[in-house]
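I am keeping these entries to record what I looked up, one topic at a time.

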Amino acid sequence: NKHFVSADQVTPAFADQLIARAEAFKAGAEPQLTQPVYASNLFFEASTRTHTSFEMAERKLGMTVIPFDPTHSSVTKGETLEDTLRTIAAIGVNVAVIRHPEDAYYTPLIAADVPLHLMNAGDGAGQHPSQMMLDLMTIHEEFGHFAGLRVGIVGDLAHSRVARSDMAMLTKLGAQVTFSGPKAWYTADFAEYGPYVPLKELVPQVDVLMLLRVQLERLTEAETREFSAANYHAQFGLTEELAATMPKQAIIMHPAPVNRDVELASSLVTGPQSRIFTQMKNGVFMRMAMLEWLFK
Ligand code: CP
């Protein structure tokens, strides 16, 4: 079976191929699935965008979606994820789209050769490959290339699977990645990919400013006290004043959900430099391209 789980498996040529296919879907191309496909979306963590977007992509591709609700499944009786997947595969599901709180939950499943395709919709603080691919599509649509682009990734790096997937792939594609936000969240794994730059210095130098949600649900008590909304916004947020120093061609991205007036001023969310809702629109077409690839 084919699986799409991590930035590690995406070469620049494969990224180009998926972007071209997603752009073709956006322009109205027809899907090329030749067999009936049954898809199930297993979300063990909250989601609005990724869950809805995968379901929209599946339906646009002509797949049949088999509902799965973890809170009413036999996972609550202790059934393992592997047995759950073997069960839905036996029933006839061909692809499982999974979001799970555990980092790299997919590694033992692939080693056990589960009998269906896996699509990773986000694992803990590990990877978020469909967000990565829709981010690449959005950047490509804007600039037409990646080499030499200056991408600033700002905020809750330590908890961010989006940052981990995006920094790896953008670097492979020749973009220059830099980081900002609370220094304690700029851990050794980020230092490998680019330098830390104070936000006021970084903002006037970027082509893409990628802001990350402060993951309030994952903060320690001390971090919650230190990073009240107003404190965080003043120190590490994109205020209207700071946004005025961005280059005119630069774009603001955010995987969302957004904490308004925390990562960025509320007025900037739908402002002329924001591509936040374009990212969500592109996500459907990119997920169509990724799901179609599994069956080619
Ligand atoms: N960007 C993203 O993964 O959003 P959801 O958590 O709503 O799916």
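I began with Tyr38, which stands opposite Thr64 in strand E3. Strand E2 (residues 38–43) and strand E3 (residues 64–65) pair in the parallel sense over two bridges, where two strands pair if DSSP finds at least two bridges between them, and helices (H or I, at least four residues) and strands (E, at least two) are DSSP runs numbered from the N terminus. Between E2 and E3 the chain passes through helix H2 (residues 49–60) in a right-handed β-α-β crossover, meaning that, with the strands pointing away from the viewer, the path from the first strand over the helix to the second runs clockwise. I then followed E2 to strand E4 (residues 95–100), which runs parallel to E2 and is joined to it by five bridges; Ser40 has Ala96 in E4 as its bridge partner.

I noted that this is a predicted model, in which local features need pLDDT of at least 70 and side-chain atom pairs count only at pLDDT 80 or more, while totals for chains, interfaces and linings use all residues. Residues are numbered from 1 along each chain as its sequence is written.

Next I turned to helix H1 (residues 12–26), whose buried residues are Ala15, Leu18, Ile19, Arg21, Ala22 and Phe25. I took a residue as buried if 20 or more other C-beta atoms lie within 10 Å of its own, exposed if 12 or fewer, and partly exposed in between, with C-beta atoms placed from the backbone. Seen down the axis of H1, the buried residues fall within an arc of 165 degrees, so they line one face of the helix; the arc is that of the directions from the helix axis to the C-beta atoms. Ala13 and Ala20, on the other side of H1, are exposed. Just after H1, I found Gly28 with a positive phi of about 110 degrees.

Last, I checked the UniProt record, an unreviewed entry, which lists Lys77, Arg161 and Arg213 under "binding site"; such annotations may be inferred rather than shown by experiment. These residues span 137 residues in sequence and the farthest two C-alpha atoms are 33.0 Å apart, so they do not all gather at one spot. Arg161 lies in helix H6 and counts as buried, with 21 C-beta neighbours inside 10 Å. Arg213 sits in the loop between strand E8 (208–211) and helix H9 (221–226), and is partly exposed, with 18 other C-beta atoms within 10 Å.
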